[in-house]
Amino acid sequence: MEIILRYVHFISIFAIVGSLVSEHLLLKKEMTRHELGRLARIDAVYGIAALSLLAAGLTLWLASLGKPAVFYTKNWIFHTKLTCFILVGLLSIYPTVFFIKNRKGNPDELVKTPPLIFWMLRFELSLLFIVPLLAGLMAKGIGHSE
Ligand code: HEM
């Protein structure tokens, strides 16, 4: 069970990074509604992967499969990792709403992309760059306090 959950955890991370990198590469200052529809679909992959990552992570944490739940609960590095994950989720709200709202209508019509969308995606990717280091540290028990 633990191996399956770890597998889901990792596959979800690949899907999250893949979808956010794709979004960043496809993002342009001006896009047609058709292109925005494609970004909304890629963003849905991110959403599903974030949910499966969370489900696998919560189970690994709370079901005490490998290590007891308290091993993680009392670790500030683990909580920093969770905070980064939540921040990524919060930062993704505005781009998601923008893609969904603007995909409808004439597919050839051009829509201007707010510059903030570029920065939010870059910030999300930067946070994701740090999380595996935090994960490795907390898995070794670094940051744990009695
Ligand atoms: C972007 C989000 C996340 C990334 C990139 C990430 C990454 C990782 C990585 C790389 C590991 C393996 C660590 C190792 O064995 O050295 C891991 C394990 C784990 N993660 Fe995550 N994780 C994320 C989100 C979460 C969330 C949201 C939770 C809990 C709600 C969570 C809970 C766990 C637990 C409990 C383990 C097992 C650690 C151990 O082996 O002792 N993760 N994560």
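Reader: What confidence does the chain carry, and where is it lowest and highest?

Author: This is a predicted model. The chain averages a pLDDT of 96, and 100% of the residues score at least 70. Confidence is lowest in α3, at a mean of 95, and highest in α4, at 98.

Reader: What pattern do the helices and strands of the chain follow?

Author: The chain has six helices and two strands. Along the sequence they follow the pattern α-β-α-α-α-α-β-α. The C-alpha atoms fill a box of roughly 60 × 25 × 20 Å along the principal axes. Of the 146 residues, 21% count as buried. Among contacts with a separation of 6 or more, 87% come from residues 24 or more positions apart.

Reader: Why is I4 called exposed?

Author: I4, which lies in helix α1, has 11 other C-beta atoms within 10 Å. The term exposed applies at 12 or fewer, so I4 is exposed. The C-alpha atoms of I4 and A56 are 8.9 Å apart in space, although these residues are 52 apart in sequence.

Reader: Why does S52 count as partly exposed?

Author: S52, in helix α2, has 15 C-beta neighbours inside 10 Å. A residue is exposed at 12 or fewer and buried at 20 or more; S52 with its 15 falls in between and therefore counts as partly exposed.

Reader: Which residues does S52 touch, not counting residues up to four places away in sequence?

Author: S52 touches V8 and S12, and contact requires C-beta atoms within 7 Å.

Reader: How do you know that the buried residues of α5 line one face of the helix?

Author: In helix α5 (residues 93–102), the buried residues are P95, F98, F99 and N102. Seen down the axis of α5, these buried residues fall within an arc of 95°, so they line one face of the helix. An α-helix has 3.6 residues a turn, so residues three or four places apart point the same way. The face of α5 turned away from the buried side carries the exposed residues I93, V97 and K101. The buried residues of α5 pack against α2, β2 (110–112) and α6.

Reader: How does the span of α6 compare with the expected value?

Author: α6 has 25 residues and reaches 37 Å from its first C-alpha to its last. Just after α6, G141 takes a positive phi of about 90°.

Reader: Which residues of α6 are buried, and against what do they pack?

Author: E124, L134 and M138 are buried in α6. The buried residues of α6 pack against α1, α3 (69–73) and α4.

Reader: What makes up the shell around the ligand?

Author: The ligand is surrounded by 19 residues, of which G57, L60, V131, A135 and A139 are the closest. The elements that give two or more residues to this shell are α1 (2–26), α2 (33–62), α4 (76–91) and α6 (115–139). By class, the shell has 14 nonpolar, four polar and one charged residues.

Conventions. Residues are numbered from 1 along each chain as its sequence is written. This is a predicted model: local features need pLDDT of at least 70, side-chain atom pairs count only at pLDDT 80 or more; totals for chains, interfaces and linings use all residues. A residue is near a molecule or strand if its C-beta atom, placed from the backbone, lies within 6 Å of it. Helices (H or I, at least four residues) and strands (E, at least two) are DSSP runs, numbered from the N terminus. Ala, Val, Leu, Ile, Met, Phe, Trp, Tyr, Cys and Pro count as nonpolar, Asp, Glu, Lys and Arg as charged, and the others, Gly among them, as polar. Two residues are in contact if their C-beta atoms, placed from the backbone, lie within 7 Å. The arc is that of the directions from the helix axis to the C-beta atoms. The expected span of a helix is 1.5 Å times one less than its number of residues. pLDDT is the predictor's confidence in each residue, from 0 to 100.
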